[in-house]
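Good morning, and thank you for making time for this item.

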Amino acid sequence: FDPNTWTHKSFRPFVVLTFRWNYWFHGFDSAGFFLTNVAMHAGASAQIGYFALTALALPPLWSGLLAALFAVHPVHTESICYIVG
């Protein structure tokens, strides 16, 4: 570690790994980054529904509604629309 070298002091290995995979598969085409973000958000939404169904013991309808609300809520547009660095 060199204290004279600029760094943003942020350790996000999963973000860096997905950036590398995106560049490997799509180059600098932003459509690939967008599709990856959509896929990860869909996976997170499905996990929320599964958690509600199993751990919270909600009925399947309520679990599905919770997952759908999580998926479409406007507060989550940042994870889909923007690329962080």
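Let me begin with a term: by contact I mean heavy atoms within 4.5 Å. Taking the contacts in the protein between residues at least 6 apart in sequence, 51% join residues at least 24 apart. Please bear in mind that this is a predicted model.

As to the overall make-up, the secondary structure consists of four helices and zero strands. Read from the N terminus, the order of elements is α-α-α-α. The protein has 85 residues, of which 15% count as buried.

I turn now to helix packing. Two packed helices are described by the angle between their axes and the distance between those axes.

Consider α1, residues 13-26, against α2. These helices pack at an angle of about 135°, and their axes lie 9 Å apart. That angle makes α1 oblique to α2. The crossing in which α1 passes α2 is right-handed. Which residues meet here? On the α1 side they are Phe 14, Thr 18, Phe 19, Asn 22, Tyr 23 and His 26, and on the α2 side Gly 32, Phe 33, Thr 36 and Met 40. By class, this contact of α1 with α2 comprises five nonpolar residues, five polar and no charged.

The next pair is α2, residues 30-54, with α3, residues 60-72. Here the packing angle is about 150°, with the axes 8 Å apart. Because angles over 145 degrees count as roughly antiparallel, α2 is roughly antiparallel to α3. In passing α3, α2 makes a right-handed crossing. From α2 the contact draws on His 41, Ala 44, Ser 45, Ile 48, Gly 49, Ala 52 and Leu 53, while α3 supplies Pro 60, Ser 63, Leu 66, Ala 67, Phe 70 and Ala 71. How do the residues of the contact of α2 with α3 divide by class? There are nine nonpolar, four polar and no charged.

Finally, the aromatic rings. A pair of such rings is described by the distance of the centres and the angle of the planes. The structure holds three aromatic pairs. One of them joins Trp 24 and Phe 25, whose ring centres are 5.0 Å apart and whose planes stand at 35°, so this pair is tilted. Are these two residues, Trp 24 and Phe 25, buried or exposed? Trp 24 is exposed, and Phe 25 is exposed as well.

That concludes the presentation.

Conventions
Residues are numbered from 1 along each chain as its sequence is written. This is a predicted model: local features need pLDDT of at least 70, side-chain atom pairs count only at pLDDT 80 or more; totals for chains, interfaces and linings use all residues. Side-chain values use heavy atoms; hydrogens and water are left out. Axes are lines fitted to C-alpha atoms, for helices over the stretch in contact, and angles run from 0 to 180 degrees between N-to-C directions. Helices (H or I, at least four residues) and strands (E, at least two) are DSSP runs, numbered from the N terminus. Angles under 35 degrees count as roughly parallel, over 145 as roughly antiparallel, 65 to 115 as roughly perpendicular and the rest as oblique. A crossing is left-handed if the near helix is turned anticlockwise from the far one by less than a right angle, and right-handed if clockwise. Ala, Val, Leu, Ile, Met, Phe, Trp, Tyr, Cys and Pro count as nonpolar, Asp, Glu, Lys and Arg as charged, and the others, Gly among them, as polar. Rings of Phe, Tyr and Trp (its six-membered ring) pair if their centres lie within 6.5 Å; planes under 30 degrees apart count as stacked, over 60 as edge-to-face and the rest as tilted. Buried means under 20% relative accessible area, exposed over 50%, partly exposed in between (1.4 Å probe, protein chains only).
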